[in-house]
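Here is a walk through one protein model. Keep the sequence and the 3D view side by side as you read.

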Amino acid sequence: MTTLTAGSMEVFTPDVAIPRKRQEIIHKLQNVVAPDIFSPRAVYDGKALLYSPRPLNLPAEGAGNFNVSLSAVLPKSGITQPRGVFNVKLAETIGDAVKTADMNRLIHGRQADTKTLTATNLLQLLIRQDSNQRYTNNGRAYFTPEGKRAIGAGLELWRGYFQSVRPTVGRMLVNVDTAVAAVYASGELIDVCMKFLGKNDVRALALDEKSPDFRALQKFLEKVHINTATTGKRVKTVHGLVPAAGTFVFMKDDKEMTVQLSPKKSDSPIVVPAEQCVVLPGQLFKRKIPDHLTKDMVDFATVKPADRLRQIVSGDMGTESPVKGYANSEFLVEAGMVIQTNPISITGKILETPVLWYGDGKDMRPRDGAWNLKGVKLRTPVPLECWGAVNFCPSLPSKQVEQFMKSMANVCRTLGMNTSPPADIVSGMGNAVERSLDALLKSAMGKGLDKKKMMVIAILPARAPAIRTRVKHWGDVTQGVLTQCLCEDKVKRANEQYWGNVGLKLNARFGGYNSLTQSSAIDALRKDPFIIMGADVGHPGPGIMKPSITSLVWSYDEYATRYAAFTSLQHPRVETIEGLQDMVKRAIIAFGMRNRTSPRRIVFFRDGVSEGEFDHILKIELSAMKAAFDDVWKERNLKDPKPTVTFIVVGKRMIAPETALVTVVLDLSPMRGLPTLSHRISISKVMQPSKEVRTRPACASSTAPDVFHATASRSSHYSVLADENFQNDLVK
């Protein structure tokens, strides 16, 4: 049986923090420095492992020490490391080799384990290796500057392709999709800084260290890679900004901004004038996109289904599609992988659209995901009697704001909400948010209005995330008052439809029902008290050592339209929800207090879990839920049956509509020393909104069904890991 062994990358000397540079070093090691040892070539995971189709003939009995120069001149042997030369130490691992049988065992419906997970990861490395060595990438997707778009704030949008391997029964699927990433604008650092600040005059960079713009710019440039006029092609990393350069005086015209470059363990920072620095191209922006640029991101990423499929198949957006590149990938060729590019179709079922019940006994069945509410009243409208507005936009005069609020009130009345005139409309100040809100609240309470029934409408500037955060903190934490934020740009061009959407939010905030859903699924669940739960873990960004945030949302009414939420903190990058038992316990108790009964059924949706973690997550978290049931029943001395649970994992980027799929069929015959795979690429047909694809399980258990659900907004993959409610009968 064909096997694959792994070698461990002990260390790069000096340390190499840039992933693409590590790839470049290993590429040159295998092709220039030691091609005889690495023949056929090993596959590098970008971090610490090399996968080789045969044991490497390393010079020191399972270990090797290689000097790699990225210049055209090979380094001389010796202890001293010349500048620009990297020392790579390799050692064979003790772990078991990856065998073809591991993958074969996985795709025939058995439980996933460490070996099958490693085999799946190896396939992903093989399909991504060639493109990741040539293009800017984040490991899972690669991006190119062809067709890029500058969006301001020192950022650009690049297009690319996402690739991943997914196991299914009898074959492996490689999911190929289009992708978009935000990238730092390249070029003169001075120009990038001015783009970030939105300035045209270089004198705007003469910032004080206490200035908010200075702090924002310093955070933006942290860890950005640059070249300088004095260091040539050597890559330097920005670690901070020096507003006046201290004792380092660089004068040109006026006071100048400087960049501080410093090795991690150096006590002597290197200070270079900003005008001598150039930002290198292809650096991914890994932080959250500023709120005011979200629309630009969505517009750039939105592609018509037919165009999206054509891009994946032919790469006509300027970047070579991986579908065409697989045939030329030396890694896949050496693995003996032959791929055809013949599209396949997926059999789907169009689910019945549920009926929506509104007020006055009117019902509505959406068509193509849309329906018209004109002349329709809400199911249970709640009066809007205690409310007021705070305008934080200096460009909006008071008279215009009054007219906006009048339009909103009129639309709320047409929806059935008994709406009174506002208690007051206050002109707020962005530097005194809380004081402005307190002024409105004081005015309303002075007129005898109930604080508990108060709704505050806050009109915010287009770029004011800090003001919004303070408004929400004031309402949710400090005062316990409902708040609804509106964006200045949308308010200025608001029409009846926009105010109708605002009215839907306000009614829901007050606890009213906008509509009720009638479907066979809801009818079946309503036979017994039930809870719909959703849970996820949010992790901090790469390199940020902050706690992870866990959350649980749960329904508490018979229609599953009203939800409450719990959040908690836990150790960073732990995927299991450590406090799930306590959150589920609190949810069940709160449900019982509201409904005077205990739930009989719980449908639990879990987000953010990869296939390799299915068994572990199910074991830990289902046990935590069962323990929560035991605690509640014991403490409350309940005699009712404990709830039955359906545990579902929800995944994204799974057999998406308009998405290309690569079908990889396993062949056990040995070929060229790698786990031999005879392959064919298949491109899915464009799926219509609200289609459902049902298959047998991929890697959970032989009885757990998978459901692929494609909508016009986002495709999802539902893996049912445990089902005590419906016994895996998908018809229910």
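Start with a cysteine. Cys386 is buried, with a relative accessible area of 8%. Buried means under 20% relative accessible area, exposed means over 50%, and partly exposed lies in between, with a 1.4 Å probe and protein chains only. Cys487 is partly exposed, at a relative accessible area of 26%. Which cysteine sulfur is closest to that of Cys487? The closest is in Cys393, 7.7 Å away, which is too far for a bond. A disulfide is a pair of cysteine sulfur atoms within 2.5 Å. By this rule the count is zero disulfides.

A word on the source. This is a predicted model, in which local features need pLDDT of at least 70, side-chain atom pairs count only at pLDDT 80 or more, and totals for chains, interfaces and linings use all residues. Residues are numbered from 1 along each chain as its sequence is written, and side-chain values use heavy atoms, with hydrogens and water left out.

Now the whole protein. Of its 732 residues, 47% count as buried. The protein has 17 helices and 34 strands. These are DSSP runs numbered from the N terminus: helices are H or I with at least four residues, strands are E with at least two. Contact means heavy atoms within 4.5 Å. Among contacts between residues at least 6 apart in sequence, 64% join residues at least 24 apart.

Next, confidence. pLDDT is the predictor's confidence in each residue, from 0 to 100. The mean for the protein is 80, and 82% of its residues reach 70 or more. Over residues 262-266, pLDDT stays under 50, and the model has four contacts there beyond four places in sequence. Residues 708-713 also stay under 50, with 26 such contacts in the model. Where pLDDT is low, the predicted coordinates should not be read in detail.

Turn to helix α3, residues 114-134. At 1.5 Å a residue, its 21 residues should span 30 Å. The expected span is 1.5 Å times one less than the number of residues. The end C-alpha atoms are 30 Å apart, which agrees. Of the 21 residues of α3, 15 are buried, so the helix is largely enclosed by the rest of the structure.

Then look for the largest nonpolar core, which has 34 residues. A nonpolar core is a set of buried Ala, Val, Leu, Ile, Met, Phe, Trp, Tyr and Cys residues joined through side-chain atoms within 4.5 Å. Met533, Leu552, Trp554, Val584, Met625 and Phe647 touch the most other members. Elements giving two or more residues to this core include β25 (530-538), β26 (548-555), α16 (580-595) and α17 (614-636). The largest share, 10 residues, comes from α17. Apart from this core lies another, of 31 residues, among them Ile190, Val238, Leu241 and Ile289. Beyond four places in sequence, Leu552 touches residues including Met533, Phe566, Val584 and Phe604.

Strand β26 also holds Ile549. At 48% relative accessibility, Ile549 counts as partly exposed. Not counting residues up to four places away in sequence, Ile549 touches Asp536, Val537, Gly538, Ser568 and Leu569. Ile549 and His571 are 22 residues apart in sequence and 8.8 Å apart in space, C-alpha to C-alpha.

Finish at Thr483, in strand β23 (residues 482-487). Is Thr483 buried or exposed? At 2% relative accessibility, Thr483 counts as buried. Among the residues it touches beyond four places in sequence are Met455, Val471, Trp474 and Arg509.
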